[in-house]
Amino acid sequence: MHKSYQSILPTHNKLLQKRWDNTYYDEHRRKVRTAAPMVDTKAPPTYMHLHLKLKKLQLEEERLATIERDNRILLEKMSYIMRTRGRVDNRNMYEYKSLNKEKRQRELLRVTKENQAILQRITLRQPEYSAKRWADIWDEEQKFIDNISHYPKDWWTMKERSKSKLESRSQKKRSETRENEESIDEERTELKEQTKQEPKQEQKKDAKDEEKSELKEKKTQKKEEPKKSESPTKQSESPTKSNEDSKVAE
């Protein structure tokens, strides 16, 4: 009984009611599937004449064709000029002639004369106000102000100047002390280097003296050797001389 179809509304025949309910439900599902939306959310339609502009392509091809034609004509002309001397003479004997040259010159002269006259009037014009008189009046007013004022003129700048002078002096002293310290350090380093180099120099001097003494001894030995070789030759010559003297006496 529980497996039989249970309708919502009371019916006389449950089998027919089941069929009717199934048909109603299938019809409802079909309508839901085929229901059209109230708002159109589809993409806008695409038109080929907006994406592929045939007129633009045609104009581009025509432009390229004209460029190619002009280039071909230019190449033909250049080749003809290279093969022959050409038909153009680059000498131009025409002289430029202006129709209103004299008028422009007269206008230029008139403008220059007017400018010179204006400049002369400006330079000869005497001034309405005297700058020297104004300067004298200002100096007198400054004297009165100095007499009335409690502090001297530009007292704040004087303080700054004194401070700057003191700072400059202190900087000079510091720089001098640094230079002196650096010079002292350099002298110390030089003395240390000299002290290190002195024993080396003494050793070199001793070696040089020894070499000189050895050379002197060698020279003296060389001088004595020829003297020794000459002494026996002299002794051998003396008996020959005595024999010759005896023969002469006989």
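## A salt bridge to start with

Asp-70 has a relative accessible area of 42%, so Asp-70 counts as partly exposed (buried means under 20% relative accessible area, exposed over 50%, and partly exposed in between, with a 1.4 Å probe and protein chains only). Its side chain meets that of Arg-69 in a salt bridge at 3.9 Å, N to O; the term means a side-chain nitrogen of Lys or Arg within 4 Å of a carboxyl oxygen of Asp or Glu. Arg-69 is partly exposed too, at 41% relative accessibility.

## About the model

This is a predicted model, where local features need pLDDT of at least 70, side-chain atom pairs count only at pLDDT 80 or more, and totals for chains, interfaces and linings use all residues. Residues are numbered from 1 along each chain as its sequence is written, and side-chain values use heavy atoms, leaving out hydrogens and water.

## The overall picture

The protein has 6 helices and 0 strands; helices (H or I, at least four residues) and strands (E, at least two) are DSSP runs, numbered from the N terminus. Of its 250 residues, buried ones make up 1%.

The whole structure holds 7 salt bridges. In one of them, the side chains of Glu-107 and Arg-110 meet at 2.2 Å, N to O. These two are 3 residues apart in helix 4 (residues 101-124), so about one helical turn separates them. Together with Glu-114, Glu-107 and Arg-110 are linked in a salt-bridge network.

Another salt bridge joins the side chains of Glu-128 and Arg-125 at 2.9 Å, N to O. Both Glu-128 and Arg-125 are exposed.
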